[in-house]
Amino acid sequence: MAITKIIMCFLPLAGFCSILSSLLTTDSKILLSFTGFIASIVAGMICLWIMSCLHILIFGKLNPIHALKKFFPYALLAMSSSTTGSIPSNMNACDEMGVPKRIYSFSIPFGATISLDASATYTALSSLMLAKIYGVNVPVESILPFIIYVTILTVSAPGITGASLVCISIAISQLGVPAEALGIIMGIDALQHFMHPPVNGFSAVASTLVVSSNEKILDMEKFYG
């Protein structure tokens, strides 16, 4: 424990040195492209919200606006937590929507374990961006297999803060990108992490609503109330 505490004291300095080293050895024009990268991350998260709403509308035959209104307070709470840490609040959201406990007590923890949509999107975009920065050519025909690989990779990842960095380090090694490239992502990882738990949580809630609606056990009066 004493050795671990000493290491933890030096970790912030090590992280700072890693980020600074990457910034000093990277072309300034490429660093400016981070604005576009962050914009693509935000666009990807918005697309995932829209897909979850369409899931509720098409397969659950429910109004997604009501689901968004009831989930909004819990989404704000999830921003300061992790996907795993937001499991209790996501369960409370399902309860307010009229989902039986026997359904959401299984689906929400299960979704937080294997359905990390936001993390998969972030890992794929980050890996491809780092490949571009370091001049690694990724053929078009290799992008789809790579996305499938990343999806499987994130299924095995824990729903905790910082898990995406581990996934990115593994993914970029498959593309032939040097490991020190991770230092560039470390600088913005904390800034965009707050978007992941709400997206992952709403995806699990959407699937829970669809199952409950199709099984005719959703309390419609409570959902639309």
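Buried means under 20% relative accessible area, exposed means over 50%, and partly exposed is in between, with a 1.4 Å probe and protein chains only. I start there because Cys-94, at 0% relative accessibility, counts as buried.

Some housekeeping. This is a predicted model, in which local features need pLDDT of at least 70 and side-chain atom pairs count only at pLDDT 80 or more, while totals for chains, interfaces and linings use all residues. Residues are numbered from 1 along each chain as its sequence is written, and side-chain values use heavy atoms, with hydrogens and water left out.

Now the interior. A nonpolar core is a set of buried Ala, Val, Leu, Ile, Met, Phe, Trp, Tyr and Cys residues joined through side-chain atoms within 4.5 Å. The largest one has 33 residues, and Phe-37, Leu-130, Val-177 and Ile-185 touch the most other members. Elements giving two or more residues to this core include α3 (34–58), α7 (117–133) and α10 (182–192). Helices here are DSSP runs of H or I, at least four residues, numbered from the N terminus. The most comes from α7, with seven residues. Apart from this core lies another, of 24 residues, among them Cys-53, Tyr-74, Ala-93 and Leu-218.

Back to Ile-185. Contact means heavy atoms within 4.5 Å. Beyond its neighbours within four places in sequence, Ile-185 is in contact with residues including Phe-37, Tyr-122, Ser-126 and Leu-130. Ser-126 sits in helix α7 and is buried, at 0% relative accessible area.

Last, a helix pair. The axes of α3 and helix α4 (residues 64–78) come within 10 Å and cross at roughly 135°. Those axes are lines fitted to C-alpha atoms over the stretch in contact, with angles from 0 to 180 degrees between N-to-C directions. That makes α3 oblique to α4; under 35 degrees counts as roughly parallel, over 145 as roughly antiparallel, 65 to 115 as roughly perpendicular, and the rest as oblique. Where do they meet? Trp-49, Cys-53, Ile-56 and Leu-57 in α3 meet Pro-64, Ala-67, Leu-68, Phe-71 and Ala-75 in α4.
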